[in-house]
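Good morning, colleagues. Please look at the model on the screen while I describe its sheet, its helices, its cores and its salt bridges.

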Amino acid sequence: MDANSTSRPACKVCCRDQTRLSSTDWQARYDAGKTGWDRGEPNPMLGRWMASGELQPGKILVPGCGRGHEVIALAEAGFEVTAIDFADAAVQSLSDELKRRDLKANVVQKDVFAYCPSRSFDAVYEQTSLCAIHPSQWATYQQLLACWLRSGGQLFALFMQSGTAGGPPYSCELDTMHELFAKPTWHWSDSKTRVEHPTGMHEIACVLARKETNT
């Protein structure tokens, strides 16, 4: 993985300041202990991707990081990690844990729709951000992911399969995901892995590559 990502011009999507996350009060969920998405440890698929060599150290973004179990694991493995969340409790918890372990990561408290980095990333780890965003905003979020990644960069995605209507979490059915992350911008690998979730739901782990386009 190329860790020497180059600077890029201002993003055409994330700098528009038009779309915002839903008004769901995520801080209140932390305050009330309603954080069922939090495993209390890294998703096991992250370890598999790193062990196989498919995910190698480089510049990686973790949007909607929560308490950042995966951020900790990536930092320990030598990645240059940027983590985004806009809940005070999540950001503070992750920052404290990084300090306790003497690890480094760039923790950004921000709405993902307003995040406009100056440099592109080699990879994005997407686990809990997409399923927390209302489907009416998915197209914009997909554009952001493409904007954040360098050409040839990879999206390591865990698409939540809730089996229920409504949300969050919103069910990220694979047929819908293929329509959302479509050619020519995205290339899907053949591998798809089911990952069980403690809530009784499951995720489908997929790896997508961002391709250069003329648009």
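Throughout, contact means heavy atoms within 4.5 Å. Helices (H or I, at least four residues) and strands (E, at least two) are DSSP runs, numbered from the N terminus. Axes are lines fitted to C-alpha atoms, for helices over the stretch in contact, and angles run from 0 to 180 degrees between N-to-C directions.

The model is predicted, with local features requiring pLDDT of at least 70 and side-chain atom pairs counting only at pLDDT 80 or more, while totals for chains, interfaces and linings use all residues. Residues are numbered from 1 along each chain as its sequence is written, and side-chain values use heavy atoms, leaving out hydrogens and water.

I begin with helix α4, residues 88-101, which lies across β2 (80-85) and β3 and runs at about 165 degrees to β3. Helix α5, residues 138-148, packs on the sheet as well, touching β1 (59-63), β4, β5, β6 and β7 (202-210). The direction of α5 makes about 140 degrees with that of β5.

In what order do the strands of the open sheet run? The order is β3-β2-β1-β4-β5-β7-β6, 7 strands with mixed pairing; two strands pair if DSSP finds at least two bridges between them. At the edges are β3 (106-109) and β6 (186-196), each pairing on one side only. On average, neighbouring strands are turned by 15 degrees against each other, direction ignored. Within the sheet, β4 (residues 121-126) and β5 (residues 149-161) pair in the parallel sense over 5 bridges, and A123 stands opposite Q154 in β5.

Next, burial. Buried means under 20% relative accessible area, exposed over 50%, and partly exposed in between (1.4 Å probe, protein chains only). Helix α3, residues 69-76, is largely enclosed by the rest of the structure, because 6 of its 8 residues are buried. These are E70, V71, I72, A73, L74 and A75, and they pack against α2, β1, β2, α4 and β4. Just after α3, G78 takes a positive phi of about 95 degrees.

N43, in the loop between α1 (26-31) and α2 (44-52), is buried at 1% relative accessible area. Beyond its neighbours within four places in sequence, N43 is in contact with E70, Y125, Q127, L158, V195 and E203.

Why would one look for nonpolar cores? In soluble globular proteins, nonpolar side chains tend to be buried together. A nonpolar core here is a set of buried Ala, Val, Leu, Ile, Met, Phe, Trp, Tyr and Cys residues joined through side-chain atoms within 4.5 Å. The largest has 33 residues, of which L130, Y141, W148, L155, F159, M177 and F181 touch the most other members. The largest share of this core, 6 residues, comes from α5. A second, separate core of 24 residues includes C65, V71, I72 and V195.

Finally, salt bridges: a side-chain nitrogen of Lys or Arg within 4 Å of a carboxyl oxygen of Asp or Glu. The count comes to 7. R150 forms one with D122, the closest N and O atoms being 2.7 Å apart. This pair links distant parts of the chain, with R150 in β5 and D122 in β4, 28 residues apart. D122 is buried, at 1% relative accessible area. R194 and E196 also meet in a salt bridge, at 2.6 Å from N to O; E196, at 45% relative accessibility, is partly exposed.
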